[in-house]
Amino acid sequence: MSATNEIRKHLLIQAPQSRVWRAITDSAQFGAWFNVRLESPFVVGQTTSGQITYKGWEHVRFTLQTEALEPETRFAYRWHPYAIDMNKDYSSEPMTLVEFLLEPQDGGTLVTVVESGFDRLPPERIEEAFRMNERGWEEQLRNVQAHVAA
């Protein structure tokens, strides 16, 4: 496995695991901190889509395929990472797997985000998708933390 195949980020959030779980797996709450207006809930085996609401990215459509909802421990989905060119059809590309892993720690919840499978992408997309998502997951974990604290 290469150094650009997997992103792994951790953040300890001072909130109960059940609260963090709801923030991550309730599509309305997910949308609030992820900056996307989702049109349907997360259901294993189904697609969830919506419009990005982050300033400057409103032209981008967000779509994911829910893989797993393991209560209060693991939420996993597949998506096309950094698929921002609206003139390109990404549907034939492999998707990466994103996993949110939750575990109790030190009176709070340790949240680990793992995104893997970048090396399966077309060679010309690997480096930029990896770079943008590595930075992006740090920001998104802080967004979850702020959302839970609000």
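Six bridges join β5 to β6, and the two strands run antiparallel. Strands here are DSSP E runs of at least two residues, helices are H or I runs of at least four, and both are numbered from the N terminus. Two strands count as paired if DSSP finds at least two bridges between them.

A word on the model. It is predicted, with residues numbered from 1 along each chain as its sequence is written. Local features need pLDDT of at least 70, side-chain atom pairs count only at pLDDT 80 or more, totals for chains, interfaces and linings use all residues, and side-chain values use heavy atoms, with hydrogens and water left out.

Now the overall layout. The protein chain has three helices and seven strands. From the N terminus, the elements run β-α-α-β-β-β-β-β-β-α. The radius of gyration, taken over C-alpha atoms, is 15 Å. The globule rule, 2.2 Å times the number of residues to the power 0.38, gives a close 15 Å for 150 residues, so the chain is as compact as a globular protein of that length. Along its principal axes, the C-alpha trace spans about 45 × 35 × 30 Å.

Back to the sheet. In what order do the seven strands lie? The order is β1-β7-β6-β5-β4-β3-β2, in an open sheet with antiparallel pairing. β1 (6-13) and β2 (36-38) stand at the edges. Each has a single partner strand, so one side of each is left without a neighbour in the sheet. The twist averages 25 degrees from one strand to the next.

Take the pairs in turn. β3, residues 47-52, and β4, residues 61-70, are antiparallel and joined by five bridges. S49 has T63 in β4 as its bridge partner. Q51 has R61, also in β4.

β4 and β5 pair antiparallel over five bridges. E70 stands opposite R74 in β5. These two strands form a hairpin with three residues between them. In that turn, E72 has a positive phi of about 60 degrees.

β6 and β7 pair antiparallel over nine bridges. L101 has T112 in β7 as its bridge partner. This is a hairpin too, with two residues between the strands. D106 in the turn has a positive phi of about 50 degrees.

Next, the helices, and how they meet each other. Two packed helices are described by the angle between their axes and the distance between the axes. Axes are lines fitted to C-alpha atoms, for helices over the stretch in contact, and angles run from 0 to 180 degrees between N-to-C directions. Under 35 degrees counts as roughly parallel, over 145 as roughly antiparallel, 65 to 115 as roughly perpendicular, and the rest as oblique. Contact means heavy atoms within 4.5 Å.

Start with α1 and α2. They pack at about 80 degrees, with axes 5 Å apart. They are therefore roughly perpendicular. R19, R22, A23, I24 and T25 in α1 meet S27, Q29, F30 and W33 in α2. By class, that contact has four nonpolar, three polar and two charged residues. For the classes, Ala, Val, Leu, Ile, Met, Phe, Trp, Tyr, Cys and Pro are nonpolar, Asp, Glu, Lys and Arg are charged, and the others, Gly among them, are polar.

Now α1 and α3. The angle is about 120 degrees, and the axes are 10 Å apart. That makes α1 oblique to α3. The contact is made by R19, V20, A23 and I24 of α1 with V144, H147 and V148 of α3. It has five nonpolar, one polar and one charged residues.

Q29, A32, W33 and F34 in α2 meet W137, Q140, N143, V144 and H147 in α3. The residues of this contact divide into five nonpolar, four polar and no charged.

β3 and β4 are joined by five bridges. Helix α1, residues 17-25, packs on the sheet and touches β1, β4, β5 (74-79), β6 (96-105) and β7 (108-116). Its direction makes about 160 degrees with that of β6. α3 packs on the sheet too, touching β1, β5, β6 and β7. The direction of α3 makes about 15 degrees with that of β1.
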